[in-house]
Amino acid sequence: MSYFHSVTLDKDRCRGCTNCIKRCPTEAIRVRDGKAMIINERCIDCGECIRVCPYHAKLAVTDSLDMMKNFKYKIALPAPSLYGQFRDLTINQVLSALLDIGFDEVFEVAYAAEIVSKFTREALAKGNLRKPVISSACPAVVRLVQIRFPSLIDNLLDICSPMDTAAILAKKEAIKKTGLKEEEIGVFFISPCAAKVTSVKNPIGIEKSKIDGVFSMKEIYGLIIQKAKITVVRDLSKASMIGVGWANSGGEAFGTFAENSIYVDGIHNVVDVLEEIELGKLNDLDFFEGLACIGGCIGGPLTVENNFVAKNRIRKLTEQLHKREEPLFDEKEIVFEEVKWKKKIEKSEVMKLDKDISKALEMMKQIDTQYKALPGLDCGSCGSPTCRALAEDIVKGFATEYDCIFILKDKIKNLAQELNDLAGKIPPVLSEGKE
């Protein structure tokens with residue numbers, strides 16, 4: 001079964017500028033023949049390349065709103081970060097506008113986040129989890145752990161994300177309310193990022209997501225703006241400050257009530273901390289919240305508002321809401337076992353040089369030798385992100401040493417000198433005899 005990726009490349013727009021290859025946290029991009037190419041097995045759909053591409057050649061593929069026509073009953077799952085996109089709209093105005101767009105019901109992911117926070121607190125209190133516990137809410141970070149830090153897979157919190165938890169609850173409630181079959185009810189997540197699109201198509205910890213489609217927050221934003229001016233505001237929101245606060249970095253960590261926790265945003269910052277955890281330097285830490293986007297989900301590549309502005313709006317919204325330690329849900333409706341992962345997260349083999357250890361060690365020696373012959377400038381002009389990556393590409397047969405412009409320049413210089421020397425040499429049979 002092929003792995004779906006939301007992040008894709010528009011080759012017609014690509015200029016081969018190398019901005020993306022330098023920012024990719026898993027070195028999943030190369031530039032070949034003047035165009036970028038994505039190594040799908042390494043891509044974690046963090047969207048970093050979408051942010052840095054000046055030519056908008058990297059895109060996030062989401063589902064079409066036309067999908068709603070395939071279902072009798074449509075439920076919107078707005079991410080908490082959606083609330084931070086609007087300057088003058090209340091949460092209830094946003095939710096009411098979603099109903100006027102064409103959804104039959106809205107179920108706040110922020111409310112599901114409170115439920116996940118509750119289950120997380122209970123799991124931490126039992127003391128059976130491997131410390132530090134790493135949040136699994138950001139699918140890009142989970143994928144990063146699979147690819148670059150497989151030794152930390154057992155540290156991942158084995159609880160479904162608020163997005164999937166909301167879908168489970170929303171469908172159960174809708175079936176009871178409408179009497180419709182599950183396949184007649186469509187659940188649609190309004191996403192701030194590409195990674196969540198990918199995680200719906202390639203579920204994390206579960207066999208199949210209850211979410212039927214994922215819409216871009218950018219696409220929904222304009223529709224809400226249009227409807228919000230004329231909509232009748234209903235009292236729809238059930239989320240407290242804990243759930244809404246998940247939109248910002250630190251929101252999840254706050255909801256755990258764990259004193260010894262840290263939160264980090266920005267995929268490269270997350271990499272730095274995961275390296276520290278892997279080295280055993282943070283074993284005294286209880287909980288680590290890592291988010292791929294700067295500021296948290298409000299900084300996702302599918303959001304509209306400036307992430308710092310949106311972060312401030314979420315902060316103001318949470319100040320207006322009350323703190324509720326226990327979410328208002330009937331515990332008969334959902335129990336811990338329903339949101340606990342059913343499928344083990346497997347480590348990725350993509351970073352391995354070869355399945356045969358002896359061959360891998362030999363290749364590593366060749367890479368070290370090749371790397372020493374390179375200038376070590378990590379300029380990216382060769383189309384690989386670093387000199388080390390180029391050395392690996394050469395050993396794997398995907399590149400040659402002459403892809404390095406400095407080696408090529410020296411080679412041309414030496415050839416020119418040889419040609420110049422040869423030009424002054426005349427075979428004896430062609431030289432004129434001396435008188």
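## Labels and their grounds

Reply: Gladly. By class, the lining of the largest pocket has eight nonpolar, nine polar and eight charged residues. This is a predicted model, so everything here is computed.

Me: What makes a residue part of the lining of the largest pocket, and which lie nearest its centre?

Reply: A lining residue has an atom within 4 Å of a pocket point. For the largest pocket, 25 residues meet that test. Y3, R143, Q146, N202 and P203 lie nearest the centre. Two elements give two or more residues to this lining: α5 (139–148) and α7 (194–201). The largest share, four residues, is from α7. The volume of this pocket is about 610 Å³.

Me: Which domains supply the lining of the second largest pocket?

Reply: Domain 1 (7–60) and domain 3 (357–424) each give at least three residues. Among the lining residues are P25, R42, M364 and R388. α14 (357–372) and α15 (387–396) each supply at least two. The lining counts five nonpolar, two polar and five charged residues. The pocket holds about 280 Å³.

Me: And which domains line the largest pocket?

Reply: Domain 1 (7–60) and domain 2 (65–338), with at least three residues from each. The centres of domain 2 and domain 3 are 45 Å apart, taken over C-alpha atoms.

Me: Why is T18 called buried?

Reply: Buried means under 20% relative accessible area. T18 has 13% relative accessibility, so T18 counts as buried. T18 sits in the loop between β1 (7–9) and α1 (19–23).

Me: What does T18 touch, leaving aside its neighbours within four places in sequence?

Reply: T18 is in contact with V31 and G380. Contact here means heavy atoms within 4.5 Å.

Me: Why is α7 described as largely enclosed?

Reply: Seven of its eight residues are buried, so the rest of the structure largely encloses α7. The buried ones are A194, A195, K196, V197, T198, S199 and V200. The cover over them includes β1, β4 (58–60), α5, α6 (162–178), β8 and β9.

Me: What makes β6 and β9 edge strands?

Reply: Start with the order. Four strands form an open sheet, β6-β5-β8-β9, with parallel pairing. β6 (105–106) and β9 (213–216) each have a single partner strand, so one side of each has no neighbour in the sheet.

Me: How do you know that β8 and β9 pair?

Reply: Two strands pair if there are at least two bridges between them. β8 (residues 185–191) and β9 have four bridges, in the parallel sense. In one of these, I190 has F215 of β9 as its bridge partner.

Me: Which strands pair with β11, and over how many bridges?

Reply: β7 (residues 133–134) pairs with β11 over two bridges, in the parallel sense. There, I134 stands opposite F288. β10 (residues 261–265) pairs with β11 over five bridges, also in the parallel sense. Y263 has E289 of β11 as its bridge partner.

Me: How do you know that both faces of β11 are covered?

Reply: In a regular strand the side chains alternate between the two faces of the sheet. Take each side in turn. F287, E289 and L291 are buried on one side. F288 and G290 are buried on the other. Five of the five residues of β11 (residues 287–291) are buried, and the strand is mostly covered.

Definitions and conventions
Residues are numbered from 1 along each chain as its sequence is written. This is a predicted model: local features need pLDDT of at least 70, side-chain atom pairs count only at pLDDT 80 or more; totals for chains, interfaces and linings use all residues. Side-chain values use heavy atoms; hydrogens and water are left out. On a 1 Å grid over the protein atoms alone, a cavity is a set of points where a 1.4 Å probe fits but cannot get out, and a pocket is an open set with protein on both sides within 12 Å along at least five of seven lines; lining residues have an atom within 4 Å of a point. Grid points are joined across faces, edges and corners, and a volume is the space filled by probe spheres set on the points. Ala, Val, Leu, Ile, Met, Phe, Trp, Tyr, Cys and Pro count as nonpolar, Asp, Glu, Lys and Arg as charged, and the others, Gly among them, as polar. Domain bounds come from an automatic or database domain assignment. Buried means under 20% relative accessible area, exposed over 50%, partly exposed in between (1.4 Å probe, protein chains only).
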